[in-house]
Amino acid sequence: MKNQSLKENLVYQRKLKGYTQEELSDKTTVGVRTIQRIEKGEVNPHLQTVKLLAAGLDVEVEDLIVLDDPKEEKIQRKWMLLIHASPFFGIIIPFANILIPLFVWISKADDNKIYDAHGRAVVNFHMSITLYFILSLLIFFIIPGFNFFITGLIVLFSIIVTVRNIMSSLEHGTCKYPLAISFLKPKAA
């Protein structure tokens, strides 16, 4: 249950019916002090208390509390960090910058649509960076000497963008990966 929405909904429904806290207490057998504490957001009441309040107000329980979707997991910082920071394993293990985020994304995509969107963005970006990296190495045969700078710029760009998106996803829940080719298209709604 969400404290904020419960307290707002209780105050709204009580005032809509024109009851004082004392009148609602008499109708529901819930103590005045309990009603006051719920409306202030100090407590998280039992479901039975919410049912009594809903019956006293002649409303449905769903009008007082907003039930969370049980299929959708709450966003957790540890998963956001793992999704965005796991490409750094690619420094040690070849292609781990794609494979590890891909496995994390596959395991968490169904838990929440935000994990799905961020996972797709990370995998698309690092697949693109790997492609650009391989192309820059192949440029050696066309323009010897310049590929060192191009390859270095690609690696530096990927590190800067990844670090920036780690911080952005943890602070604001957003990410932006420029120059990413959309290999994994978003799900059709």
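Predicted model: local features only at pLDDT ≥ 70, side-chain atom pairs only at ≥ 80, totals over all residues.
User: Which residues of helix α4 are buried?
Analyst: Thr49, Val50, Leu53, Ala54, Gly56 and Leu57 are buried in α4, residues 47–57. Buried means under 20% relative accessible area, exposed over 50%, and partly exposed in between (1.4 Å probe, protein chains only). Helices are DSSP runs of H or I with at least four residues, strands are runs of E with at least two, and both are numbered from the N terminus.

User: Why do they line one face of the helix?
Analyst: Seen down the axis of α4, the buried residues fall within an arc of 165°, so they line one face. The arc is that of the directions from the helix axis to the C-beta atoms.

User: Which residues touch the most other members in the largest nonpolar core?
Analyst: Leu6, Leu10, Leu24, Ile35, Leu53, Leu57 and Leu64 do, out of 14 residues in that core. The elements giving two or more residues to this core are α1 (3–17), α3 (32–40) and α4. The largest share, 4 residues, comes from α4. A nonpolar core here is a set of buried Ala, Val, Leu, Ile, Met, Phe, Trp, Tyr and Cys residues joined through side-chain atoms within 4.5 Å.

User: What does Leu6 touch?
Analyst: Not counting residues up to four places away in sequence, Leu6 touches Ile38, Pro45, Val50, Leu64 and Ile65. There is also a second, separate core of 11 residues, with Met80, Ile83, Val104 and Val122 among them.

User: Changing topic. How many aromatic pairs are there?
Analyst: The count is 4. Rings of Phe, Tyr and Trp (its six-membered ring) pair if their centres lie within 6.5 Å; planes under 30 degrees apart are stacked, over 60 edge-to-face, and the rest tilted. Phe125 and Tyr177 make a tilted pair, 4.9 Å centre to centre with 35° between the planes. That pair links distant parts of the chain, with Phe125 in helix α8 (residues 113–138) and Tyr177 in the segment after α9, 52 residues apart.

User: Are Phe125 and Tyr177 buried or exposed?
Analyst: Both Phe125 and Tyr177 are buried. Together with Phe157, they form one aromatic cluster.

User: What about Arg164, where is it?
Analyst: Arg164 is in helix α9, residues 147–171. Arg164 counts as partly exposed because its relative accessible area is 41%.

User: What is Arg164 in contact with?
Analyst: Leaving aside neighbours within four places in sequence, Arg164 is in contact (heavy atoms within 4.5 Å) with Lys176 and Pro178. The Arg164 side chain reaches the backbone oxygen of Lys176 at 3.1 Å.

Terms used
Residues numbered from 1 in each chain as written. Heavy atoms only, no water. Polar contact = N/O pair within 3.5 Å; in protein donor to acceptor, adjacent residues only side chain to side chain.
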